[in-house]
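This report describes selected features of a single structure.

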Amino acid sequence: MTLRASGRLTLCGALLPDKEPPGGDGHHHDDDDDDSGDEQQFLDAEEMCGGLLLARCLPPRRTVIIADEYSQKEIKVYGRFPLVDPWWRMKVEVKLVGSEYWVQGYPSYFLQTHIPDNTKSIFSLFLHNCGLSNDIKAKFWEWVSEESQLPYPNFKSLVKALYEFEMDRLLEERKSQKKLDSLQNEFQGPLKTIAYSTAVLALKFPKIVEFLPILLPSIFENLLSSGYPEPMFEKMQETLDSEPWKFGFSKITYREFGLVGCEATWTALCQCKALLETIPVLQKNALITYTKLKQNCSYFGDTYVEQDRLTRELSKQMAVQDTWHALEFLRDHGIIVCEKERVALWDLHQAEKDIAFYIDHLLKIPAWHLGVDVKEVLRSGLSQKAKMADGDDPRERGPPNGALGVWGTGDGPSGSEGDVGEGAEGDVEVDEDQQSALEMICSNPVTVVSGKGGCGKTTIVSRLFSHIRQMVELEVKKACEDFESDRDVPEEWKVFGDHHQGEELSVDKYVEVLLTAPTGKAAGLLRRKTSLHAYTLHQVNYSFYAWKRSDSPLSWKFSSVRVLVVDEGSLVSVTTFRSVLKLLCQHARLVKLIILGDVRQLPSIEPGNLLMDMFEAFKTRGCSIELKTNHRAESQVIVDNATRISERKLPNFDAEVKIFQGLTKPFPSEDRRFVLILLPADGGDLYSAVNTLLKEGAALKSAKESQFIAFRRQDCDLINECCCKHYSNHLTRDHKNKMLFQCDDKICCTRNANLSDVIEKGPRNCKEASPSHGDESVLFRNENSAAPGHGDGKTDRLFETDTRLCNGEIFFITNDVVDKTSEKRFLTLDNMAGLVVTVDFRKLQRHCRIKHAWARTIHTFQGSEEQTVVYVVGRAGRQHWQHVYTAVTRGRARVYVIADEAQLCQAVHRKSYPRKTRLKQFLQEAFAGRREGQQVPGSPSTLHPARRGIAESQGLTMDPGGGAGDTGQDPVASEAEEEESTLQSKGTKRSVALGSFESPKKGIVQVVEAPSPLVSSRFDNLSLKNLQPRQLFKTTNNEGQ
């Protein structure tokens, strides 16, 4: 045991048998930040397809005992250990915390060569982990004694003996004339176990198990069990010997080893002293510079940093000339981009350029003008209200299976995001902003709509495509009726009336209008508002990877997408949006993009400012608009105060309650919508304030319709403790600091995971359903769930095995049981949006790292909303007016603000600083370049060498001088343009193209030939291009016999 000046101890010695089970479901509060770094990194779909994608999961926390070689003591250590078997020797740094030794960083491993004590017991445990039964182990030891394969206790000879024993056993089985297939499986079983393969790996490549647990801790275990080819391990070993700095850059690990999104931190490399000494000064400076650049972009949200500023910040660590050389090194290796004294990470720079390129590609496609009467679309809400007033709610029927239609759910009792105004009977006061927005959507390839909650952004889009679907159905029905009215038609042709209308007119199961959102909660809200399947952008991205991996002969399930709708655009990062936009432009039929959001809300946690840049860039083209009228009567006071906050003015509260030592004056009545819970000047007792509000606030009786929001995690933890005791009557943690979960708890996922990774095999509450229409996905039908947006439980809902449990998605625990046979614990989760599943608790905790969710931070709850929101300001800190604005606009009907008045004033009056991004500039350059016939920024010729093969695989010929090919056309658009030209030959109509004015009413009228929406949306599916088997005639009894 070596003591360092920093107070850390270095332990080195053999592991003793583990005496405690893994603590995967408990972790210390102070370490939460360290666990979430890897999960936030977004992985591009095409990168995933081109490399090895490994599940990211840090090793579980547990306590092990190390027989320290220095002090000759047995020391109990707590930390994250991927390997805990007693045949491993470990070296690790620890620090005394209280009475326990805590690991600092991660351990290094060495396979023990000599095991003088308890040799046979440790070897026997190793054989047991290799899957050998007691009978086979007895035969092995008998065989060893006869063959004398173990002259001394050595793992190398043991592994060799096990291999030869299996060979002999296979030969004997062959002689006994058993089936070869079973022999091979029996032979390969022990040699395919993790214990055996890891021991062989440690013998062949010792530096892999010595350094990779430190450099790549989140993928080390999965890398060992992934079947990674031995030549690649050999290449890693050589790199660790000669160029270990390469592990610090994800782009190099992707090119060299095929690992997707994997890189070691500078801190981890510093922990490996032996490696650090072999890294040259230039590469060290490059790693330091790269780390500082990432930190700047992550902290400030910028997509680039000025070179002078970066040089100043690094001046204490290296000379100015060394910084220049480091930047040049990073640029030459394709890790950064340097332009005009600006330094940007390659991924962020290329993401903004690619977005500009593919947006310009959409603008080149002949306009798909939706020939509808927008006033009629907006008035359609009134007819739906009339039907519901008469007891006929079309939403109860739901849309046809996979239908394009969207029922506007905003007319229900709980309200919608917004609705059109209602005047006298038979008349509707049409919102002019909504009308202008619909005209833009119908006329333009790209439309950006901004507005506060309740202005009707989602509603108008929902009604538009519902109206188009109804137009299509009416035209098809009329054509069928005209055909059947022909007196010469045989009787067996007249089949239209014999089928249910929904079945007869069901739209093709493939998606044409794709509704997306950046988070699982936002997607769930979008699903409830539209009664149509909505996906997160990560699900779309991952589905392409899953489809590629499956080698399915069927098309990608989003390959027919023509319209992409992105809700909560302020939350979307540029890297995520670039990946999805690129996939839909290259592998689908995308012709129209609609982005919805609120430009005043906080931008995404990741670098970039997508919504604001898009809104500003398209404003001069008349393709962006802000909806200003609120259509939620119950939220008018929230909208008014949000406007004041955006002007950096204090909101007007309609009631104030002062908290003094837990005592309050009479609590405001339920008709008060914006209430201030005022704390004393010293901050007061937040726990007492929250507890009082829970007891007195009528709107907080149900946790399913209320949500606490805070800026600091410490405040969230305190609020969760209070809410857990109030709603579920238990503590959040036990005496060992492990989280406790039980029925009625409100929880959320803090990591993305596949439902198939955590669901119980042979679901308890789910049954398997046969895949319909040849879909490549296996489906699960939840018997207890209702259709999207409904709570009557009448309609079953299908869930695909590639369903993702998304970071931030909230669930309620409705059942908690322990299987007596397997002793496994199972939780039944309900997200209150139709998904009810039973999952393995241990897997759920390992893959999703669930936490209590009565209180969430502002950033993690952004994109969601609840009827009642309680915003806890706490210390103002770095909060500014956008934090306050985002928090209060999460409430639909009522907002409580718990704050010290001085802290609230400080947060509201503090201005926000705009992020440094270049997307707006790239878009403007693309628009100008297209008018002047210049090269568009972000063309395939600028693709990184690691991705250039992807473009070429799409049939793009890389030309250094002008992009793809020499035809002067956009090669990515060729397929879509060919399709549009075919559509134009079928039928066209006159339309109006908008000029560069903000309002579409002031646009310059131009005559543009555009395909009819009816032809392009329905009759295209009936053409010879996409043959679909359809029953046109009745089948007679003797037909086909």
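S8 and strand S10 (residues 342-345) are paired in the antiparallel sense over two bridges. Two strands count as paired if DSSP finds at least two bridges between them; strands (E, at least two residues) and helices (H or I, at least four) are DSSP runs, numbered from the N terminus. Within the pair, Val-305 stands opposite Val-343 in S10. Strands of a sheet pair through backbone hydrogen bonds, in either a parallel or an antiparallel sense.

## Basis of the values

The model is predicted: local features need pLDDT of at least 70, side-chain atom pairs count only at pLDDT 80 or more, and totals for chains, interfaces and linings use all residues. Residues are numbered from 1 along each chain as its sequence is written, and side-chain values use heavy atoms, with hydrogens and water left out.

## Salt bridges

A salt bridge is a side-chain nitrogen of Lys or Arg within 4 Å of a carboxyl oxygen of Asp or Glu. By this rule the count comes to 25 salt bridges. One of them joins Asp-241 to Lys-207, with the closest N and O atoms 2.5 Å apart. Asp-241 belongs to helix H10 (residues 230-242) and Lys-207 to helix H8 (residues 206-215), so the pair ties together parts that are 34 residues apart in sequence. Relative accessible area is classed as buried (under 20%), exposed (over 50%) or partly exposed (in between), using a 1.4 Å probe and protein chains only. Asp-241 is partly exposed at 40%, as is Lys-207 at 25%.

Lys-235 forms a salt bridge with Glu-256, the closest N and O atoms being 3.5 Å apart. This pair links distant parts of the chain, with Lys-235 in helix H10 and Glu-256 in helix H11 (residues 250-257), 21 residues apart. Lys-235 is partly exposed at 31%, and Glu-256 is partly exposed at 23%. Arg-918 and Glu-339 meet in a further salt bridge (3.2 Å, N to O). Arg-918 lies in the loop between helix H34 (901-909) and helix H35 (919-932), and Glu-339 in strand S9 (residues 336-339), so the pair ties together parts that are 579 residues apart in sequence. Arg-918 is buried at 5% relative accessibility, whereas Glu-339 is partly exposed at 25%. Salt bridges with shared partners also join Lys-235, Glu-243, Lys-246 and Glu-256 into one network.

## Two serine sites in loops

Ser-864 is placed in the loop between helix H32 (858-861) and strand S31 (866-872). Ser-864 is buried, with a relative accessible area of 3%. Not counting residues up to four places away in sequence, Ser-864 touches Lys-521, Ala-522, Leu-525 and Arg-890, where contact means heavy atoms within 4.5 Å.

Ser-570 is found in the loop between strand S14 (563-566) and helix H25 (574-587). At 6% relative accessibility, Ser-570 counts as buried. Its contacts, leaving aside neighbours within four places in sequence, are Asp-598, Gln-601, Leu-602, Pro-603, Ser-604, Leu-611 and Gln-862.
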